[in-house]
Amino acid sequence: MRNAVAAWRRRDTFFAADVSYLVVHLGVVAAIAFANLFTHHGLVHHLSTWDGAWFLQALYNGYPSHLVYVHGQVQASPIAFFPLMPQVMRFGHDITRLSPPVVGLIVSFVTGLTATRGVGLLAEHVRDTTVGQKAALLFALTPGAFTFNLIYAEGILLTCMTYGIVALRERRWLRAGLLGLVASTASPVAAVYVVVCAVVALRAIATRRDWRSLLAPALAPLGGIGWVAFLWVHTGTPFAWQLTERGGWQSYPTLRYPFDILWQFLHNPISPTLTGHILFWGTVVGALGVWWCFKTRQPLELLTYITVAFTLFAVSLPVGLRPRFVMLLFPAVIAAAELPAKRYRWVLGLSSIVMLLFLYEELTSFAVFP
C-alpha cells in the first residue's frame with residue numbers, strides 16, 4: 001500500500017491538492033455521519049440544502065409550465081435553476097439505481113476534484129509546474145470549496161471553464177466551445193466564459209486571421225440559449241428566468257450594490273450581520289485578487305475572465321462576493337500561488353481556517369446561504 005501511494009505521488013503533479021481535497025471533503029462526510037448517530041437527520045438531509053433542494057425539486061416535480069404568482073408577485077421556483085444538474089442526477093439514478101440526491105453529491109464531489117485539478121493545470125499552462133501545484137492546493141482549501149460537499153453545479157462549471165481556457169490557449173476551438181456549451185447549461189455564470197471566448201477569438205482573427213476561432217464563442221452560449229428558449233416555450237415568456245430570479249429572490253444587477261455593502265460596513269463596522277461581514281470581506285478580497293492579477297500580468301484570457309466575473313458578482317444583489325463566488329475568481333488563486341513561499345503559506349493557512357469555519361457554519365446553521 002505504501003509503495004502504491006509513493007508511486008501515485010511520483011506520477012501525480014497535483015498529489016498534495018488531491019490528498020487535501022479528499023481529506024477535507026471525506027472528513028466532512030464522516031463527521032456528519034457520526035453526528036447523525038445522535039441527530040438521526042440523515043447524511044443526505046444535511047447535504048441537500050439550498051440550491052440542492054431546488055435541483056431535486058426540478059428533478060422530482062419538473063419545471064412549472066407557468067410563472068408561480070402569489071398576490072401578483074412572482075415566487076421562487078425551479079425555473080431559476082439551470083437544467084444540467086437535475087438531468088445528470090436523473091441519468092445517474094437510471095444507470096446506477098442510486099438515489100438522485102446521492103448521485104448529486106457524488107457528482108459535486110468528483111467535479112470539485114476535477115475543478116481543483118483544472119485550476120492547477122491552467123496555472124501550470126500559464127506559468128510553470130510549481131505554480132500549478134501551489135494553485136491547485138490553495139484552490140482545494142479555498143473557503144468556497146465547501147460547496148463541493150453540497151449538491152451544487154459549481155464543480156461542473158469550474159471544470160468546464162478551466163479546461164476550456166486551456167483549450168482556448170491551445171487553439172482547440174471546438175473543444176473550448178463544447179466545454180462552454182456544457183458550462184452554459186449548468187449555470188448563468190458561464191456567460192463570463194463566453195465573453196472570454198469572444199475576446200480570444202477576436203484576437204485570433206486580428207493577429208492570425210484564424211476565423212475558425214469563432215467556433216468557441218458560437219458554441220459556448222448554446223446551452224444557456226437553449227435553456228432560455230425552452231423556458232419561453234414552456235412558460236410563454238422569454239423572461240421567465242429573470243422574472244423568477246427577481247421575484248423569488250429579489251435578485252437583479254445594480255451598480256449600487258457593492259457601494260452599499262462597503263458603506264454599510266465602513267459607516268458602522270459592528271452593525272452588519274454575518275452576511276454583511278462576509279460580503280464586505282469578499283468584495284475586498286475579490287478586488288485585491290483582480291488587482292494582483294493585473295499586477296502579475298496574467299494572460300489576456302485570465303484578465304478578461306476575472307474582470308468580467310468580479311464585476312458580475314459585485315453588482316448581483318443579493319448574491320455579491322460571498323465565498324462561493326470568490327472561489328469562482330480562480331485567476332486570483334493562480335496569482336496568489338506566485339507569492340513568495342512565506343506569504344503563500346500564510347495565505348494557504350488563513351484560507352484553510354476560513355474554509356473550515358464556513359463548513360461548520362453551513363452544516364450547523366441556515367443563517368447564511370452559500
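Arg127 is partly exposed, at 28% relative accessible area. For the cut-offs: buried is under 20%, exposed is over 50%, and partly exposed lies in between, with a 1.4 Å probe and protein chains only. This is a predicted model, where local features need pLDDT of at least 70, side-chain atom pairs count only at pLDDT 80 or more, and totals for chains, interfaces and linings use all residues. Residues are numbered from 1 along each chain as its sequence is written, and side-chain values use heavy atoms, with hydrogens and water left out.

Back to Arg127. Which residue does Arg127 form a salt bridge with? Glu338, with the closest N and O atoms 2.9 Å apart. That pair links distant parts of the chain, 211 residues apart. Arg127 is in the loop between helix 6 (100-126) and helix 7 (129-140). Glu338 is in the loop between helix 18 (330-336) and helix 19 (341-364). Helices here are DSSP runs of H or I with at least four residues, strands are runs of E with at least two, and both are numbered from the N terminus. Glu338 is partly exposed too, at 29%.

A salt bridge means a side-chain nitrogen of Lys or Arg within 4 Å of a carboxyl oxygen of Asp or Glu. How many does a search of the whole structure find? Seven.

Take Glu170 and Arg172. Their closest N and O atoms are 3.1 Å apart. Glu170 is partly exposed at 35%. Arg172 is partly exposed at 42%.

Next, Asp260 with Arg256. Here the closest N and O atoms are 3.8 Å apart. Asp260 is partly exposed at 29%, while Arg256 counts as exposed at 59%.

There is also a network. Salt bridges link Arg169, Arg203 and Glu301.

Now the surface. Phe34, Leu37 and Phe38 make a nonpolar patch of about 380 Å². Patch residues have over 30% relative accessible area and no salt bridge; like charges are joined within 9 Å, and nonpolar side chains (Val, Leu, Ile, Met, Phe, Trp, Tyr) within 5 Å. Areas are Shrake-Rupley with a 1.4 Å probe, and for residues only the protein chains shown count as cover. Phe38 sits in helix 2 (residues 15-39). Phe38 is exposed, at 60%.

On to pockets. On a 1 Å grid over the protein atoms alone, a pocket is an open set of points with protein on both sides within 12 Å along at least five of seven lines, and lining residues have an atom within 4 Å of a point.

The largest pocket holds about 1100 Å³ of space. It has 33 lining residues, and closest to its centre are Pro143, Trp281, Val285, Val326 and Leu350. Two or more residues each come from helix 15 (274-295), helix 17 (323-327), helix 18 and helix 19. Which helix gives the most? Helix 15, with twelve residues. By class, the lining has 24 nonpolar, seven polar and two charged residues.

The second largest pocket has a volume of about 900 Å³. Its lining has 34 residues, with Pro188, Trp241, Glu245, Ser251 and Val319 nearest the centre. Helix 13 (240-249) is one of the elements supplying at least two residues. Helix 13 gives the most, six.

Note on methods:
1 Å grid on protein atoms, 1.4 Å probe; cavity = no way out; pocket = protein on both sides within 12 Å on 5 of 7 lines; lining within 4 Å. Points joined across faces, edges and corners; volume = space filled by probe spheres on them. Nonpolar A, V, L, I, M, F, W, Y, C, P; charged D, E, K, R; others polar.
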